[in-house]
Amino acid sequence: MSEHILIIEDDLDIANIERDYLMVAGYDVTIMTNGTDGIEAALNTPVDLIILDVMLPEMDGFEVCRQIRDKVRVPIVMVTARLDDIDKIRGLGVGADDYIEKPFSPSVLICLLYTSPSPRDMRRS
């Protein structure tokens, strides 16, 4: 059974590129385009990792991360075009496990996933 990754990204072009690379790498992928649906999917569907955009409509990725982290222990990688250190600090502070800046190479994202903690490792901590 392959690992399941949830992408929460409002830009479907970006989400579809991420999905395509992840599927080629052997992952199952679900895309949600807003924070509310992303939170619902994270809480009600078993996922092994979440790729979360910071700049979402209605609810930003920081709040989405906080709400997910309050309920489940799953690795969260935040993805954003924001380049300020304070945004990285805030993302890590609300519970993200890693932070990657746009634009990025999809192959770098795949490499990052190979080095992220597994949900099994997180449950032990």
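Reader: Is the crossing of helix 2 and helix 3 left-handed or right-handed?
Author: Keep in mind that this is a predicted model. In it, helix 2 and helix 3 (residues 61-71) pack with their axes 10 Å apart. Their contact draws on Gly35, Gly38, Ile39, Ala42 and Leu43 from helix 2, and on Val64, Gln67, Ile68 and Lys71 from helix 3. As for the hand of the crossing, it's right-handed.

Reader: Are helix 2 and helix 3 roughly parallel or roughly antiparallel to each other?
Author: The packing angle is about 15°. Angles under 35 degrees count as roughly parallel. So the two helices, helix 2 and helix 3, come out as roughly parallel.

Reader: In strand 2, which residue is the bridge partner of Ile7?
Author: Strand 1 (residues 4-8) pairs with strand 2 in the parallel sense, over five bridges. In strand 2, the partner of Ile7 is Ile31.

Reader: Where is confidence lowest in the protein?
Author: Overall, the mean pLDDT is 87, with 91% of residues at 70 or more. Helix 2 (residues 35-44) has the highest confidence, at 98. The lowest confidence, a mean of 41, belongs to helix 6 (residues 119-124).

How values were computed:
Residues numbered from 1 in each chain as written. Predicted model: local features only at pLDDT ≥ 70, side-chain atom pairs only at ≥ 80, totals over all residues. Heavy atoms only, no water. pLDDT = per-residue confidence, 0-100. Helix = DSSP H or I, 4+ residues; strand = E, 2+ residues; numbered from the N terminus. Axes fitted to C-alpha atoms, helices over the stretch in contact; angles between N-to-C directions. Parallel < 35°, antiparallel > 145°, perpendicular 65-115°, else oblique. Left-handed = near helix turned anticlockwise from the far one by under 90°. Contact = heavy atoms within 4.5 Å. Pairing = 2+ DSSP bridges.
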